[in-house]
Amino acid sequence: MDRLSPSSAPNAPLTGAFGAPAAASTSRPAGNRPAGAGLLAPQVQTLLHRPEWLLGTPLFPSRHAAVLPGEMPLIISVGGGKGGVGKSLLSANLAAKFVRSGLKVVCFDLDFGGPNLHTYFGVDSRGVTLTDVVVTGQKRFEDVLLQTPLQGCTLIPGARSEGWGREGAVDPAAMGQIYDAVIGAKSRFGADVVILDLGAGTQFHTIDMFLMAHLGIVTALPEPTSIENAYMFLKTALWRLMDHVGARSRKLRSPQLIKAALNASDSQGFQSRGYAERIRGLSGQDPEFIRYLFAALAGRRTGIVINQARNQQDVNVGNSMELIASRYFGFQSQFLGYLNFDDVAWKSLRNRRLLAIDFPQAILSHRLNDIASRALSLFGI
Ligand SMILES: Nc1ncnc2c1ncn2[C@@H]1O[C@H](COP(=O)(O)OP(=O)(O)OP(=O)(O)O)[C@@H](O)[C@H]1O
Ligand SMILES: [Mg+2]
């Protein structure tokens, strides 16, 4: 069976079939990495450079920069569909836990509606933001990169989307520049891990940034509106993933045909068979595209985090969401853990200091630690 070359340009359309990534021969046990080394072990790099991951990433107009094996950062996006569910709190505090493990982190504030990740870190962008790079072109990413109070963690501060593109959508050319900076963040900024803090909603630019990650975290509160939005977020991500797979495998009509068939069954009322199962059932129509789609689904991980949990019932929502994200939507999902409701969250924010630094002994900090460890362990780190 053909294998895609792992060194194929990340933004080039993919052709050929898929195989399992080759096992790296020289590997150091994950837990054996010296603190502060800032390097991901070779076997981790092999996992990150999988063609299956690439197949589901958006095909933006970009410089088609080739990222060589060994140069890929672990990309983690934090989304969830709804506002105020703790995406930024999680993003900033995951960064704190990662740097403590010796990893170098770059955070991108990609909340185009109301960026405020800088406030969680207690830093001031002084008005120099992502807009100056990707909209006006007056700065380079390196010029806007801010040092945070965490040694080993920098931030690309975000800016509101007015003027970024028509009808609230971010211009694909701007998105392409962000994409290049994210996938190239290891060689460009020395990042082992890139964290993408996303805005609320299911606009395509938000979903595309979610799908760009090796691990996309869906954050939700244990309440119906938030859970509904999380499911809408996953459905939009699945729909969008089909488009990306279609574009990268040059099967542009296939996503439309599959979506039309799924919409037709949806219009008949509630379907107990999930999208994943119904898509499998359509295999006879377009076997190659459906094989690519499942490869892309297998090439990325979805994490579930329940925030502001107050009791065991709230925590259990995370297990149910994991099941639905996997079985109904087809994403490789894992409940990464919960965060308890705690006033230290707003106290640290009011102090403009990181929770993990301000209140390291709080139960909430321990829960963040657990989530960070589980996220890394998915990639053998
Ligand atoms: N576990 C928690 N306990 C108590 N308060 C919390 C908790 N998590 C988050 N909060 C509070 O909820 C608010 C929203 O959190 P955050 O800014 O992280 O959400 P968000 O999902 O990034 O929102 P947006 O979509 O507007 O960017 C903040 O005031 C934060 O302090
Ligand atoms: Mg936020």
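Two strands are taken as paired if DSSP finds at least two bridges between them, and the elements themselves are DSSP runs numbered from the N terminus, with helices (H or I) of at least four residues and strands (E) of at least two. The structure is a predicted model, in which local features need pLDDT of at least 70, side-chain atom pairs count only at pLDDT 80 or more, and totals for chains, interfaces and linings use all residues. Residues are numbered from 1 along each chain as its sequence is written, while chains are lettered from A and ligands numbered from 1 in the order in which they are written.

The predictor's confidence in each residue is expressed as pLDDT, from 0 to 100. Its mean over the protein is 87, and 86% of the residues reach 70 or more. Residues 1-38 have pLDDT below 50, and this stretch has 63 contacts in the model beyond near neighbours in sequence; a contact requires C-beta atoms, placed from the backbone, to lie within 7 Å. Of the contacts between residues at least 6 apart in sequence, 75% join residues at least 24 apart.

The protein contains 17 helices and eight strands. An open sheet of eight strands is arranged in the order β3-β4-β2-β5-β1-β6-β7-β8, with mixed pairing. Strands β3 (146-147) and β8 (332-340) each have a single partner strand and stand at the edges, so one side of each is left without a neighbour in the sheet.

Strand β5 (residues 193-198) runs parallel to β1 (residues 74-79), to which five bridges join it. In this pairing L74 stands opposite V193, and I75 stands opposite V194. Six bridges join β5 to β2 (residues 105-110), also in parallel, with C107 as the bridge partner of I195.

R301 lies in strand β7 and is buried, with 20 other C-beta atoms within 10 Å. Apart from neighbours within four places in sequence, R301 is in contact with H214, L215, Q332, Q334 and L378. R301 and F379, 78 residues apart in sequence, are separated by 9.6 Å from C-alpha to C-alpha.

The expected span of a helix is 1.5 Å times one less than its number of residues. For the 25 residues of helix α10 (residues 224-248) this gives 36 Å, in agreement with the 36 Å between its end C-alpha atoms. Just after α10, R250 takes a positive phi of about 55°.

Terms used. Two residues are in contact if their C-beta atoms, placed from the backbone, lie within 7 Å. A residue is buried if 20 or more other C-beta atoms lie within 10 Å of its own, exposed if 12 or fewer, and partly exposed in between; C-beta atoms are placed from the backbone.
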